[in-house]
Amino acid sequence: MIATEDIPKATGQARCPAALTIAGRPVGGRHFTLIAGPCAVESRQQTLASAHAVAQAGASMLRGGAFKPRTSPYSFQGLGLQALELLAEAKAQTGLPVVTEVMDPRDLDAVLEVADVVQIGSRNMQNYPLLEEVGRSGVPVLLKRGLSSTLEELLMSAEYVLKEGNPAVMLCERGIRTFERAYRFTLDLMAVPVLKELTDLPVIVDPSHAAGRRELVAPLSLAAAAVGADGLIVEVHPEPDQAQCDGPQALPTDGFAEYVDRVRAAAALAGKVL
Ligand code: PEP
Ligand code: MN
């Protein structure tokens, strides 16, 4: 369910809201949204353990990939429809809204059965037919910045959703490709205040994919919160060493509550409440 406050402001052609309500939860403005969960749904046990841990620690939404965009076609591709059923069970047990990625418009109807927010991943930021299809569906969208995309290109991709009459778009900075090789991507935190100059859409930061290793996730999260991000999306796993996808960057569920407390304090510095 989407509600918007008025005070619309133009981003290019379409109008966008000052604040959104997604699955009954306010996003943007004074609200800090923490989306947490595994990179991929791997099993019932792993999904439910992750969901309960992040819910108990105070996360706002649950993430978990059913359809995974993998660099190698031979890597784990996600459990697909079976994963969507596990996400539905996790949502029923915890009450957390579910964020999950769609890569193929042919999967959208099935994804909409469970997703409260549909993620458009970095690799699909400029998949215009997909953006329009998701726009027409009216489902809230988490739109991730492409690996090598400018902020203007990100905003133009958001326009493809907005122009279909869907105002519920969250932008996500997840690291961009630079010459630096010491970490997976370069987290562009300057994008946060600059996007806020350019648009009223909420800006979420993904420290996990930028960092590629969990030691960097907490410091980047605190920095993102302090610089004014409207939220974070972070990968969490009950057994990161056993993860089938992105294990090195996953925070263990054990200790996640302490991480959330630190994020809450950093968000407060920027005047936001988690
Ligand atoms: C993810 O969120 O698991 C993911 C694949 O992200 P990105 O599209 O930013 O690489
Ligand atoms: Mn991942």
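Biologist: Which conventions apply here?

Modeller: In this predicted model, local features need pLDDT of at least 70 and side-chain atom pairs pLDDT 80 or more, while totals for chains, interfaces and linings use all residues. Residues are numbered from 1 along each chain as its sequence is written, chains are lettered from A and ligands numbered from 1 in the order in which they are written, and side-chain values use heavy atoms, without hydrogens and water.

Biologist: Which residues are around ligand 1?

Modeller: A residue is near a molecule if one of its heavy atoms lies within 4 Å of it. Around ligand 1 these include Cys39, Arg63, Lys144, Arg174 and His209. The shell divides into 2 nonpolar, 4 polar and 6 charged residues, where Asp, Glu, Lys and Arg count as charged, Ala, Val, Leu, Ile, Met, Phe, Trp, Tyr, Cys and Pro as nonpolar, and the others, Gly among them, as polar.

Biologist: Which polar side-chain atom lies 3.3 Å from an oxygen atom of ligand 1?

Modeller: A polar contact is a pair of N or O atoms within 3.5 Å. That side-chain atom belongs to glutamate 235. An N or O atom in the side chain of lysine 68 is 2.8 Å from a ligand 1 oxygen.

Biologist: Where does ligand 1 sit?

Modeller: A molecule sits in a pocket if more than half of its atoms lie within 2 Å of the pocket's grid points. Ligand 1 sits in the largest pocket. Among the class counts for that pocket's lining are 9 charged and 7 polar residues.

How values were computed. Polar contact = N/O pair within 3.5 Å; in protein donor to acceptor, adjacent residues only side chain to side chain. 1 Å grid on protein atoms, 1.4 Å probe; cavity = no way out; pocket = protein on both sides within 12 Å on 5 of 7 lines; lining within 4 Å.
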